[in-house]
Amino acid sequence: MVLIEITFLLLVEMSWLEAADKYGTFLLSGSNLEWPSVAEESSDILFGRYEPRKILVHGFQMDDERAYVAMPRFMKTGVPWSLGVFRLDVMDFEPDIRPYPDYSNYGSCGGRGTTTCIVNVVDVYIENGVLWALDTGTINVMWKPLRQGPAQLISVNLTTHTVIGATDLSVITWPDSVLEYVVAVRSLCGRLNVYVSDVGRHKIIVYDVDTGSLHAIQLPETIPMDSHRRAVLHLVPVGVAGRGYLYFTYRHSGYMFALDAWSRESVTYGSVSEVGVKPVGMHVLGSDRGTNVYFRTTGGGNDNDVWAWDVNRPLEVRSFVLVHRSYLYLTPTAVAAGWQNMVWTVESNYDEYITGNVDCTGPRALLRPLNGCAADDSNEIL
C-alpha cells in the first residue's frame, strides 16, 4: 500500500514537472530589475531608492505574452517602481522586471508635464486589453502608512503601453480608508464596473467606466475591533451561467457574500446576498474568472496549500479540492488565470519578509502554474 502511494505521488510530481517545463516557472526577485539606463540605476542606488531586500512580488496578472507584477511599497524606501512587467514567451527562469508603463511614472515625476505619477500600486487586474492598477497613494503600508499622493485608479492600454486614465479616488475615500484589491466585472449589457475594496470604511468602491462615476456600497458586515488592524477584504470575480458576480469576504469573518454584478440596478443599489458560513478560515487568493475560487486555509494544517471551491457547490469542506502544493517555506499570495490558458500562482517567503528575516538579495517569489494535486487529498483540510 505504501509503495502504491509513493508511486502515485511520484507520478503527480512528474506531471507537474512536465507542465512546468512546458509552460515555465519564473523566479522573481528585487535583484533582477532592469532600468532604462545605467544612470537611472546608479541614481536609485545612490539615493536609497533601490534596496533588493525590500522588494516583494505580491500580486500579478497576465496577457498573451507578458506578466504584470505588483511590488507594493510596504516600507518607506527601497522600491523604485511598484508595477513591473516581463515577457513570458522568452522563457527566462530569472527574468528582469522593467518598470511599467514607464520609468518616468515613478519618483519625482511632478514636473514632467502630463505624466501620471504613480506612488504605490498594490493590486492589478486586466480586462479586455486594459490593465487596471490600484495606486493607494501611500507608502510604508505595512506599518504606519504615509500619504504621498491621492489614491487613484490607473488604466493602461496594453497595446500602446500608455496610461489612458487616472481616476482620483480621494473624492470617495476618507483618511481611515484602506484600499487593498481591484477587480472588474461586466454586466449583462456589457457595461464595465471596476471594484475596489476599502476595508477601513467597510465598503466596496464602484467605478462605472462608461459614465466615469463613483459610488460606494456599504457592506452588510463589519469585523470585530480586535481584528481591525489586521483586516483584509478579499474581492473575487465569478462567472456563473453567463452572469457576473463579485464574491467578497473579510479574512477574519465567518461569512462569504456575493454582489450581483451582472445587473446595473443591483450594482447601483448594492444587491448583496449571503453565500454561506465559511467552514474553515479562508485566505482567498483569486479565481479563474469562472466558477472556481482559490484560497488557502488559516489556523492549522499546511496553510500554504491552495484549494479550489466551485461556487456551484455548497460552501462546505466536502466541496473543496486540493489543487496545489507549495514549497514548505513559500506562501501563495495570489492566483490568476493567464498565459497558455493555465491558472497560475505566485508564492514567496512572505512570512520571512514581513519579519525582516531576508538577506540583502531580497525575498524570492515563484510564479508557476498550479501543480494539480489529487482530489483524494481534499479530506486533509479536516
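Strand β25, residues 343–348, is mostly covered in this predicted model, with 6 of its 6 residues buried, where buried means under 20% relative accessible area with a 1.4 Å probe and protein chains only, and where strands are DSSP runs of E of at least two residues, numbered from the N terminus. In a regular strand the side chains alternate between the two faces of the sheet.

On to its neighbours, where two strands count as paired if DSSP finds at least two bridges between them. Strand β24, residues 331–337, runs antiparallel to β25 and is joined to it by 6 bridges, with A337 standing opposite V343. The hairpin of these two strands has 5 residues between them, and there Q340 takes a positive phi near 60 degrees. Strand β26, residues 364–369, also pairs with β25 in the antiparallel sense, over 5 bridges, and A365 in β26 is the bridge partner of S348.

A word on conventions. Residues are numbered from 1 along each chain as its sequence is written, and side-chain values use heavy atoms, with hydrogens and water left out. Because the model is predicted, local features need pLDDT of at least 70 and side-chain atom pairs count only at pLDDT 80 or more, whereas totals for chains, interfaces and linings use all residues.

Methods: Buried means under 20% relative accessible area, exposed over 50%, partly exposed in between (1.4 Å probe, protein chains only). Helices (H or I, at least four residues) and strands (E, at least two) are DSSP runs, numbered from the N terminus.
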